[in-house]
Amino acid sequence: MPISGPKSYPGRIAVVGDLGLTYNTTTTINHLTSNEPDLLLLIGDVTYANLYLTNGTGSDCYSCSFPQTPIHETYQPRWDYWGRFMQNLVSKVPMMVVEGNHEIEKQAEDKKFVAYSSRFAFPSEESGSSSTFYYSFNAGGIHFIMLGAYTDYARTGEQYKWLERDLATVDRSVTPWLVAAWHPPWYSTYKAHYREAECMRVHIEDLLYSYGVDIVLNGHIHAYERSNRVYNYNLDPCGPVHITIGDGGNREKMAINFADEPGHCPDPSSTPDPYMGGFCATNFTFGPAVSKFCWDRQPDYSAFRESSFGYGILEVKNETWALWSWYRNQDSYNEVGDQIYIVRQPHLCPINQKVCREYFAAI
Ligand SMILES: [Fe+2]
């Protein structure tokens with residue numbers, strides 16, 4: 001990676017989530033490779049080995065993925081197949097990975113994430129984290145923060161304290177861009193997994209907002225969605241752009257229904273947080289969907305959404321401008337499906353963010 005500084009950036013950063021190893025995955029990676037990335041971010045759900053029985057046959061036993069199940073059945077050679085498939089790309093292009101729910105692979109003695117933590121290298125120590133679940137790194141003038149959604153993220157926990165320390169040491173004159181990534185999105189309007197990560201949002205959003213995170217990258221939902229700048233469900237020029245890119249090609253079904261369509265709003269009780277044991281996804285107390293769980297139209301914060309397999313490329317041009325492009329698999333590799341410039345305007349926000357940061361320091 002280029003050394004850190006406000007004038008140097010990796011050329012093209014490819015972003016994928018929920019890959020697995022299917023015909024769709026093959027198209028995604030072929031197109032992505034043709035677009036010659038300099039860095040690859042994989043936002044969780046890597047091989048789906050946990051959807052195969054130990055005899056190697058596929059399983060639709062989705063309940064086996066829930067952590068309440070004593071032991072997950074999983075077929076580890078899927079990791080080897082996937083590694084060999086990816087070798088052509090990752091032997092040339094650095095890849096940074098953060099865990100998804102399919103990497104939990106709970107085993108005897110409560111062991112979790114064993115394959116994930118063993119098969120990838122993480123700059124945990126260099127970034128002051130003692131965990132493979134959360135870490136940070138610089139790529140030129142971008143500071144990346146990778147967060148764990150399936151480990152403790154409460155304000156009293158280790159991850160949160162590490163995040164506070166990490167954010168406090170970021171020098172925006174060296175790394176102007178702050179990009180955060182974790183697996184399940186906070187701002188997805190699809191019915192699948194709707195508001196499932198609300199507890200994480202409640203705990204962490206204010207901290208990220210107070211430091212002016214520019215872009216959030218997520219997976220988990222098997223579709224594409226890009227938000228407007230948003231904070232606490234309100235349009236906010238100082239909030240990040242949230243991008244869900246969980247459409248890498250996995251073997252599960254694609255997400256096609258929206259929670260704001262008639263008959264598709266899930267019941268709040270269907271979205272407890274099974275990992276933290278919390279329940280945060282209650283009806284809205286403000287805004288156009290007040291007293292309801294879902295909007296009755298595409299929410300204002302949702303800018304673009306489409307159920308197609310694909311991947312994204314982020315090109316940071318300078319301290320102010322970054323180009324985000326989404327490519328769908330059914331198009332040719334160089335035909336863009338969604339594209340925007342993301343513009344940093346930190347001079348518009350220091351008061352908001354300073355107030356928020358001081359408020360948090362006080363509680
Ligand atoms: Fe997932």
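Biologist: E205, buried or exposed?
Modeller: E205 is buried, at 5% relative accessibility. Buried means under 20% relative accessible area, exposed means over 50%, and partly exposed is in between, with a 1.4 Å probe and protein chains only. This is a predicted model, where local features need pLDDT of at least 70, side-chain atom pairs count only at pLDDT 80 or more, and totals for chains, interfaces and linings use all residues. Residues are numbered from 1 along each chain as its sequence is written, and side-chain values use heavy atoms, with hydrogens and water left out.

Biologist: What does the E205 side chain meet in a salt bridge?
Modeller: The R201 side chain, at 2.5 Å from N to O. A salt bridge is a side-chain nitrogen of Lys or Arg within 4 Å of a carboxyl oxygen of Asp or Glu. R201 is buried as well, with a relative accessible area of 7%.

Biologist: Where do E205 and R201 lie?
Modeller: Both are in helix α5, residues 198–210, and they sit four residues apart, about one turn of the helix. Helices are DSSP runs of H or I with at least four residues, strands are runs of E with at least two, and both are numbered from the N terminus. An α-helix has 3.6 residues a turn, so residues three or four places apart point the same way.

Biologist: Which residues are linked with that pair in a network of salt bridges?
Modeller: R195 and E198 are linked in the network with R201 and E205. The E198 and R195 side chains form a salt bridge of 3.3 Å, N to O, and both of these residues are buried.

Biologist: How many of the α5 residues are buried?
Modeller: Eleven of the 13, so the helix is mostly covered.

Biologist: Where is the kink in α2 centred?
Modeller: On R84, and it is about 30°. For α2 the 14 residues should span 20 Å, and the end C-alpha atoms are 19 Å apart, which agrees. Among the buried residues of α2 are W79, W82 and M86.

Biologist: Changing topic: what coordinates the iron ion?
Modeller: D45 through OD, N101 through OD1, H183 through NE2 and H220 through ND1, at 2.1 Å. Donors are N, O and S atoms within 2.8 Å of the metal (3.2 Å for Na, K and Ca), and water is not among the atoms, so sites may look incomplete.

Biologist: What are the angles like at that site?
Modeller: The four donor atoms give angles of 89 to 161°, and the site is irregular. Four donors count as tetrahedral if all angles lie between 85 and 135 degrees; four count as square planar and six as octahedral if opposite donors are over 155 degrees apart and all others between 65 and 115; anything else is irregular.

Biologist: How are the donor residues spaced in sequence?
Modeller: As D-x55-N-x81-H-x36-H. D45 and N101 are both buried.

Biologist: Back to salt bridges, how many does the structure hold?
Modeller: It holds 16. One of them joins the side chains of E109 and K111, at 3.8 Å from N to O. E109 is exposed, with a relative accessible area of 71%, while K111 is partly exposed at 45%.

Biologist: Which residues does UniProt list for the "Purple acid phosphatase C-terminal" domain?
Modeller: Residues 292–339, in an unreviewed entry. UniProt positions are in the numbering used here, feature names are shortened, and annotations may be inferred rather than shown by experiment. In the model that span is 0% helix and 46% strand, and its end C-alpha atoms lie 32 Å apart.

Note on methods. The expected span of a helix is 1.5 Å times one less than its number of residues. The bend at a residue is the angle between axes fitted to the seven residues ending there and the seven starting there.
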